Amino acid sequence: MNALKIILEKIDLLQRQQHLLDKNDSVLAGVSGGPDSTALLIGLSKIKHKYGLRLGAAYLNHGIFPVQSAKHESFVKTLSKNLGVEFYSKTANVRMIARQ
């Protein structure tokens, strides 16, 4: 059994036990482009129709590593489009915000 199928079965079990999602809920996943949040977005996209979810992906370009941040943002934007998920992004100067 592949890992994604196991994760989706665990999500189904948790949903039956805890009833975390209601039909037509909106879910906004914070996605950095790393493996954990990417797997989360893919998993949520696989169950969005089953649970009637409105799913979005949010990316915060913190600007700490400008070249990497731009690549990660582009990756998350493309992944979201390929999964049929709404994409939201924001750029913030977190260093300046931290000094305030």
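**A walk through the sheet**

Start by selecting E1 and strand E2 (residues 54-61), which pair in the parallel sense over 5 bridges. Here strands are DSSP runs of E with at least two residues and helices are runs of H or I with at least four, numbered from the N terminus; two strands count as paired if DSSP finds at least two bridges between them. This is a predicted model, where local features need pLDDT of at least 70, side-chain atom pairs count only at pLDDT 80 or more, and totals for chains, interfaces and linings use all residues. Residues are numbered from 1 along each chain as its sequence is written, and side-chain values use heavy atoms, leaving out hydrogens and water.

Zoom in on that pairing: leucine 28 sits opposite glycine 56 in E2, and serine 26 has arginine 54 of E2 as its bridge partner. Now follow the chain out of E1, through helix H2 (residues 35-47) and into E2: this β-α-β crossover is right-handed, that is, clockwise from the first strand over the helix to the second with the strands pointing away from you.

Next, bring up the whole open sheet, 3 strands in the order E1-E2-E3 with parallel pairing. E1 (26-30) and E3 (86-91) each have a single partner strand, so one side of each edge strand has no neighbour in the sheet. From one strand to the next, the twist averages 25°, with axes fitted to C-alpha atoms (for helices, over the stretch in contact) and angles running from 0 to 180 degrees between N-to-C directions.
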